[in-house]
Amino acid sequence: MTRELIGGLALLIVPTIAILILIRIRSKRRSQEKTLFDLPAFSAENDLGEVLYVSTVFSSDLLAKVWAQGLGNRGNARLWLGKSGIGLSRNGEVDFTIPTSSIESLKEVNATIDRGVEARGLISISWSHNDVGLVTNLRFRDKQRHNEIKKALIETLGVSFA
């Protein structure tokens, strides 16, 4: 009887931990959505093709993933570029635009919260929304495409890479 009781309790530990993690993530998401509500509406001008949306983190804490508005989910996306900013159309998530006026800097990095890639393999966009500093990281399938997108960002937005 004692072995069965211990075995039953041990089996309950894993689902309990999973439920506690889920509750914590939902709580974080709700509190973040109070601050990061109403992402700038998606606007599409020039389709630059498919990218891998890697992450959006807080610029004040690069190890804190943004869960609000579905920004915590990595996945395939299409990148759009226009005078108004950088548009991201993500599969299964809310599309949004990073307005040109909100972009603080662009740079190439090799790591983000939970992903490391080759040297200068990510394009990192530092921007702000509702007075909250954010960093969005994108990855391209190959280095040639990466360089083409970088050149298009510089020419269209009139920004430079740090």
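Start by selecting Leu-79, Ile-86, Leu-88, Ile-125, Leu-138 and Leu-153: of the 30 residues in the largest nonpolar core, these touch the most other members. A nonpolar core here is a set of buried Ala, Val, Leu, Ile, Met, Phe, Trp, Tyr and Cys residues joined through side-chain atoms within 4.5 Å. Buried means under 20% relative accessible area, exposed means over 50%, and partly exposed lies in between (1.4 Å probe, protein chains only). The model is predicted: local features need pLDDT of at least 70 and side-chain atom pairs count only at pLDDT 80 or more, while totals for chains, interfaces and linings use all residues. Residues are numbered from 1 along each chain as its sequence is written, and side-chain values use heavy atoms, with hydrogens and water left out.

Next, colour the elements that each supply at least two residues of this core: β1 (46–58), β3 (75–82), β4 (85–90), β5 (96–99), β6 (103–109), β9 (122–129), β10 (132–139) and α2 (143–157). Helices (H or I, at least four residues) and strands (E, at least two) are DSSP runs, numbered from the N terminus. A second, separate core has five residues, among them Leu-52, Val-54, Val-109 and Val-117. In soluble globular proteins, nonpolar side chains tend to be buried together.

Zoom in on Leu-79. Leaving out residues up to four places away in sequence, its contacts (heavy atoms within 4.5 Å) include Val-51, Ile-86, Leu-88, Leu-138 and Ile-149.

Now go to Leu-36, in the loop between α1 and β1. Leu-36 counts as buried because its relative accessibility is 2%.

Lys-65 is in strand β2 (residues 61–65). Is Lys-65 buried or exposed? Lys-65 is buried, with a relative accessible area of 14%. Its side chain reaches the backbone oxygen of Gly-72 at 3.4 Å. Residues that Lys-65 touches include Gln-32, Thr-56, Phe-58, Ile-113 and Asp-114.

Finish on helix α1 (residues 2–35), where Ile-13 is found. Ile-13 is partly exposed, at 49% relative accessible area.

Definitions and conventions: A polar contact is a pair of N or O atoms within 3.5 Å; within protein, one must be able to donate a hydrogen and the other to accept it, and residues adjacent in sequence count only if both atoms are side-chain atoms.
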